[in-house]
Each structure stands twice: as structure tokens, then as C-alpha cells.
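Please read them with the structure open.

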Amino acid sequence: MTAVPIPGGIDLSGNKRRRRREAWIRRVFFAAALSSVVISGAIVLSLIGEAFSFLSDVDLSTLWSSGWYPRRGSFDVKTLFVGSLIVTGIAMAIATPLGLGAAIYLSEYAKPGARKVLKPILEILAGIPSIVIAFFALRVIGPDFVQSINPEAPVTTLLAAGIGVGILVIPLVASITEDALRAVPRSLREASYGMGAKKATTSLRVVFPAAISGVVASIILAASRALGETMVVALAAGGSGGSQFTTDPFSEGQTITAAMIAVAQGTDQVAGGGGGQAELAYQSLFFLGLLLFLFTMGLNFIGDRFVRRVREAY
Amino acid sequence: MTAVTTPLPSTSLGRRHLDYWGLAFQAALVFCLVACFGLLLILVGGLIGDGWVVFDERGADFLRSNLSTRPAQAGVAQAIKGSLMLAGFVVVIAFPLGVATAVYLEEYAPDTRVTRFIALNIRNLAGVPSVVYGLLGLAVFVELLGTDMNENGGITGGRSLLAGGMTLAILVLPIVIITAAESIRAVPQSLREGGYGLGATRSEVVRTLVMPNAAPGILTGTVLSLSRALGETAPLILTGAVLSTFFTTPNYSFGDQIRGDYTALPVVIYTWARQAKLEFKGELASAAILVLLAITLLCNAAAVLLRNRYDKDR
């Protein structure tokens with residue numbers, strides 16, 4: 001953008017005032033772009049700060065005890081880890097086959113007209129707020145499905161929450177996978193048909209492997225979303241206030257995210273300062289937040305790399 | 001890719017026999033798709049069945065009444081008002097900031113390390129779970145900016161509409177940036193070159209050529225992020241949306257209102273779903289969900305209509 005002197009002495013750099021205004025506009029836009037960096041910094045700083053004071057104040061032996069009861073000074077992290085693992089595992093066990101199946105059908109089998117109608121409906125499903133799915137898991141999946149398998153289970157279980165989260169992430173798996181499958185060049189399919197392969201063989205043995213990094217990316221990103229999903233677990237898994245350590249999906253439980261909501265919405269709304277148990281509970285929120293932030297960021301980073309590999313391939 | 005449209009043979013060219021395996025595979029795919037849409041139908045059908053009773057008995061009274069502990073009088077007027085005001089914050093804060101960032105990244109930014117860092121940072125922010133944004137809001141807007149020496153609530157007033165609105169605005173900012181950047185990137189390079197050829201400065205090219213062409217895409221993205229913000233629950237619970245006497249003193253100034261207590265539709269649904277009274281956790285919660293779904297679907301429909309209208313003009 002610097003003014004280049006033209007031989008012959010003609011100045012093409014233009015009006016000075018106009019140039020100065022340009023520079024200002026550029027600075028304003030740059031400041032806007034910096035705001036996102038500031039936000040990331042604020043997130044990391046606020047999480048690390050409080051998490052550090054939590055770790056230095058808490059009796060470290062309570063981090064590995066029999067349950068998560070922040071108001072009673074019992075901060076058993078493995079309760080929440082295992083809870084999150086169970087819910088995410090159940091969710092992915094549901095969302096992966098259903099999402100991949102729907103994606104293969106939409107991309108390989110559906111007629112263009114049908115696809116034009118079905119894809120937006122899938123996107124509507126993706127736009128349903130999580131509180132709505134949470135309510136569905138609490139009122140329908142819990143009593144009508146989980147309790148019909150195991151009549152002794154309570155209404156709110158880890159299984160009900162896992163199914164709810166699974167429903168929530170199906171559209172994510174389906175739409176990313178569908179994009180990846182459609183990005184596979186048509187020539188690959190034609191070559192396969194030319195060899196005499198059937199449609200099912202072509203879809204499974206040619207198109208699917210060619211799109212595998214997109215498929216893996218969709219599963220990883222969906223797992224990250226399932227791990228971070230809060231309201232479904234807070235409402236449908238029970239365990240408000242705290243939870244015993246459990247590995248049984250048919251019992252009430254707590255995940256990293258739901259534990260944060262349980263601490264935040266207690267009758268004595270936690271706040272900074274004040275000291276004692278309430279202060280520790282408040283700080284434990286940020287400790288959990290930091291763990292969650294690191295896990296999801298790691299998953300997203302891996303997922304992102306897989307997505308890029310698709311883009312590079314074709 | 002578009003030129004070749006010959007229908008591909010769906011059966012093998014060899015001996016004609018029924019391909020049982022292929023048929024079973026296709027049936028499994030159809031099952032996956034039907035399961036996805038069946039879940040949607042059960043969900044919405046159940047909600048309408050439960051929630052319609054309320055509208056049938058009370059009509060618009062449910063929308064005009066304030067919160068109440070008596071089921072026959074409870075309504076969502078304050079919640080709707082709260083949700084709309086939160087959406088206002090998203091429009092005022094996240095949209096200008098997000099679009100400006102996208103313009104910088106696509107039109108101004110040189111391809112340097114700083115730029116790549118900002119872009120990576122935004123992609124990471126988009127994957128951060130919403131509870132973590134709630135923690136940011138709790139730490140910065142509620143605690144840091146919400147308390148001061150004189151005990152009168154600092155800048156944001158603690159657990160206030162302002163704190164919740166700013167948290168939601170930050171939450172959707174990465175989505176706004178990414179969708180806006182995508183539609184700016186889709187504007188043909190030749191348009192820009194034409195503008196520069198006529199002697200326009202960068203900001204003039206952006207204002208008169210790039211933005212009008214990218215507007216439909218940007219608008220669609222922003223409206224979709226608005227509907228995402230309207231459905232978020234967890235960050236609001238963390239930043240202290242409570243069921244309270246919100247907006248019942250009409251002589252409050254606007255400044256006092258946004259620095260005061262508030263509630264929003266998703267929070268009301270969450271609270272009602274956890275009530276012991278059957279009326280609350282059944283019909284009333286379903287009716288509130290119907291209101292929330294209606295608002296978010298209206299947003300999405302508006303986005304699609306706007307996009308189509310702009311597309312026709314071109």
C-alpha cells in the first residue's frame with residue numbers, strides 16, 4: 001500500500017486524507033479481530049486462576065474419595081470422569097451407526113429430490129435447543145424406555161442422559177459425514193461400477209474408505225460435543241447436588257458438566273469470596289471447567305486435522 | 001462434476017439374482033434415516049400433545065402472565081421479554097464485532113503468523129462448550145465487573161441481564177465470524193479487482209462491492225446464531241438467571257432493568273421441568289418449550305426467506 005514513486009514525477013498515491021482514513025478503518029477492523037484473542041485469553045486466565053487456587057486450597061486426598069459432594073468437601077474426580085465417559089460412550093454408540101447410516105443413504109442412495117427435502121429436516125433436528133432434548137430425555141426416555149428395560153432403575157439415569165445426548169449429536173455426525181462422502185470424486189464410483197461392483201459394495205468399500213478422514217472427524221467432533229453437553233445430563237441423569245461413584249448406567253450419576261450446573265444453581269448460589277466450603281465449591285467450578293476445556297480442545301484439534309486432510313485430498 | 005449425469009447401473013450386469021446382502025444394507029440405511037426423523041416426530045408430537053392443553057384452556061393468557069407458583073396463573077411473559085432482550089445484546093455486540101473480524105480476516109489481513117494465530121484461535125473458540133463460556137461470564141461479568149467497593153453492583157450489577165447478554169454475545173461470536181468469513185470468501189475475486197481498477201480504496205471496495213454481495217450469507221449466519229443464543233441454557237444458569245420478580249416495577253429506568261434480575265425461556269423450562277408439581281413439569285414446561293421452539297423456528301425460517309429473496313434479486 002506504500003506509494004511507489006512513478007518515473008516522470010507523477011504522484012499516484014492519491015488524496016492524503018483518504019489514505020489516512022483508510023489506515024484508521026484498517027485499525028478498527030484489526031481491533032475487532034483482536035477481540036477474539038482477548039476472549040480466549042480471558043477464558044484461559046479465569047479458568048487457570050481459580051483452578052489453581054482450588055488446587056492449593058483443597059485437601060488433595062478429597063480428590064480421590066467415594067463421591068462428588070462439593071458442599072461437603074468431597075471432590076472425587078473419578079466419579080465425574082467415569083460419568084462423563086459413560087454418557088459420551090452411550091451417546092456415541094447411538095449416534096455413530098445412526099448418523100453414518102443416514103449420511104450414506106443421503107449421499108449415495110437418496111434421489112436428488114428426496115435429498116433436497118431430507119437434508120434441511122436433518123438441519124432442523126440439529127437446531128433444536130439442548131434443553132428441549134433434555135426435557136424429552138427426562139419425560140420420555142427415562143420413564144418409557146429405560147424403566148421398561150430395567151424396572152428397578154430410577155427415572156433419571158446415566159443411560160437416559162446418554163441416549164438424549166446421542167440424539168443431540170446424530171445430526172452433527174450425519175452432516176459432516178455426508179459432506180465428506182459427497183466430496184469423494186464421482187470417478188471413483190464409476191470405476192467401481194465399471195469393475196462390476198454392486199451399489200452396496202461401492203458405498204462401503206470404495207466411497208466410505210475414501211472419505212474415512214471426514215468420517216473420523218465427524219465422530220471425534222461429535223464426541224467432543226457430547227462431552228461438553230450440559231443440560232441433558234443436568235436434567236436427565238439425576239445427581240443434583242452430588243453423586244456416589246458409580247459405573248452402572250442404570251443408576252443416577254454426575255458428569256463434569258452437570259456437576260458444574262449443580263454447583264451453580266444450588267439454593268445458596270455460590271459466589272467468590274466468603275471463604276470456607278462455599279468458596280471451595282465456587283473454585284471447583286473453574287477446576288472442572290479447565291479440565292473440560294482441555295479435553296474438548298484436544299478432541300477438536302485432532303478432529304480439525306482430520307477435516308483438513310479431506311480438503312487436501314480432493 | 002456436473003456434466004456427467006448418466007444413471008449408474010444399480011444391479012450387477014452378470015447373472016440376475018437377487019442381491020440379498022445389498023437389499024439388507026439398503027434397508028439398514030433406511031432404518032437409520034427413519035430412526036432420526038422418527039425421533040423428531042415423537043419429540044415434537046409429544047410436546048404438542050402435552051403443551052397444547054395450556055393454550056387450549058388459557059389461550060394467549062399464558063403468554064401474557066407473569067411467573068407464579070400457582071400453575072393456573074403461571075405464564076412466560078417475563079421469560080419472553082428476557083429472552084428477547086438477551087437476543088438484543090447478541091445483535092448489538094456479537095454481530096458488528098463478528099462481521100468486522102470476518103472482514104479483517106478475509107479482506108485486510110496479510111498471511112502472517114499473527115493472522116493464522118487469530119484464525120486458529122477463532123476455530124478453537126467455536127468448539128468450546130457453552131458451560132465454559134458461562135464460567136467466563138461468571139468470572140468476568142458477574143464477579144470482576146459486578147462487584148465494587150461501594151457494594152452497589154459495579155458496572156454489570158452482578159447476576160444481571162447485562163452479564164447474561166454479554167456472555168451469550170461472546171458465545172456466538174465465533175459462529176458469526178466463521179459464517180460471515182465464509183460468505184465473504186465466496187464473493188468473486190473479479191468484483192474486487194474491478195473495484196480496485198476503478199481506483200477505489202480497500203474500504204470502498206468492501207463497502208460497495210463485497211458487503212452487498214456477501215450480505216445474504218452473513219444475514220443467514222447471524223440469524224442462525226441468534227436462534228442458537230436463544231436456546232442456550234447452561235451459561236445463563238451460571239451467570240445467574242433466576243426465577244424472580246423481573247420487570248415488575250415499570251418505573252425502573254432501562255439502565256436499572258438491564259442491571260437487575262432477569263429470567264429467560266430456557267431457564268424457565270429447566271426450572272419447571274424440575275418442579276415436583278405435575279402441572280409444572282408436564283403441561284406448563286411443554287407449553288414453554290413450544291413457545292421457545294416457535295421463536296427459534298421463526299428465526300430459522302426468517303433466515304431462509306431472507307436468503308432466498310436476496311438470491312432472487314441477483
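**Notes on the predicted two-chain model**

1. Start with helix α8 (residues 202-231) of chain B. A straight helix of 30 residues would span 44 Å at 1.5 Å a residue. The end C-alpha atoms of α8(B) span only 38 Å. Where does the kink in α8(B) lie? It sits at A215(B), shortly before the proline P216(B), and amounts to about 55°. Bear in mind that this is a predicted model.

2. Now compare helix α1 (residues 20-58) of chain B. It has 39 residues. From first C-alpha to last it reaches 56 Å, close to the 57 Å expected at 1.5 Å a residue. Even so, α1(B) bends by about 35° at G51(B). G51(B) is also one of the buried residues of this helix. Others in that set include F25(B), L29(B), C32(B), L33(B) and C36(B). L43(B), L47(B) and V54(B) are buried too. Just after α1(B), G59(B) takes a positive phi of about 60°.

3. Chain A has its own α1, covering residues 16-57. At 1.5 Å a residue, the 42 residues of α1(A) should span 62 Å; the end C-alpha atoms are 60 Å apart, so the two values agree.

4. Next, the contact between the chains. It takes 65 residues from chain A and 73 residues from chain B. Which element gives the most to the side of chain A that touches chain B? Helix α1 of chain A does, with 18 residues. By class, that side of chain A has 40 nonpolar, 17 polar and 8 charged residues.

5. The largest nonpolar core holds 190 residues. Its members come from both chains: F135(A), A137(A), V232(A), L235(A), I269(B) and A288(B) touch the most other members. Helix α6 (residues 161-185) of chain B supplies the largest share of this core, 17 residues. Take L235(A) as an example. Leaving aside neighbours within four places in sequence, L235(A) is in contact with A134(A), F135(A), A137(A) and L138(A), among others. The list also includes Y270(B) and A273(B) from the other chain.

6. On the fold of chain B: there are 12 helices and 0 strands. Buried residues make up 46% of the 314 residues in the chain. Of the contacts in chain B with a separation of 6 or more, 74% join residues 24 or more positions apart.

7. One residue of chain B deserves a look: L305(B), in helix α12 (residues 278-313). Is L305(B) buried or exposed? L305(B) is exposed, because 12 other C-beta atoms lie within 10 Å. L305(B) and T220(B) are 85 residues apart in sequence. In space, their C-alpha atoms are 9.1 Å apart.

8. Finally, confidence. The model scores ipTM 0.85 and pTM 0.86. The mean pLDDT of chain B is 82, and 83% of its residues reach 70 or more. Among the elements of chain B, helix α7 (residues 189-197) has the highest mean pLDDT, 93. Helix α10 (residues 254-258) has the lowest, 68. Where pLDDT is low, the predicted coordinates should not be read in detail.

Technical notes:
Residues are numbered from 1 along each chain as its sequence is written. Chains are lettered from A and ligands numbered from 1 in the order in which they are written. This is a predicted model: local features need pLDDT of at least 70, side-chain atom pairs count only at pLDDT 80 or more; totals for chains, interfaces and linings use all residues. Two residues are in contact if their C-beta atoms, placed from the backbone, lie within 7 Å. Helices (H or I, at least four residues) and strands (E, at least two) are DSSP runs, numbered from the N terminus. Ala, Val, Leu, Ile, Met, Phe, Trp, Tyr, Cys and Pro count as nonpolar, Asp, Glu, Lys and Arg as charged, and the others, Gly among them, as polar. The expected span of a helix is 1.5 Å times one less than its number of residues. The bend at a residue is the angle between axes fitted to the seven residues ending there and the seven starting there. pLDDT is the predictor's confidence in each residue, from 0 to 100. A nonpolar core is a set of buried Ala, Val, Leu, Ile, Met, Phe, Trp, Tyr and Cys residues joined through C-beta atoms within 7 Å. A residue is buried if 20 or more other C-beta atoms lie within 10 Å of its own, exposed if 12 or fewer, and partly exposed in between; C-beta atoms are placed from the backbone.
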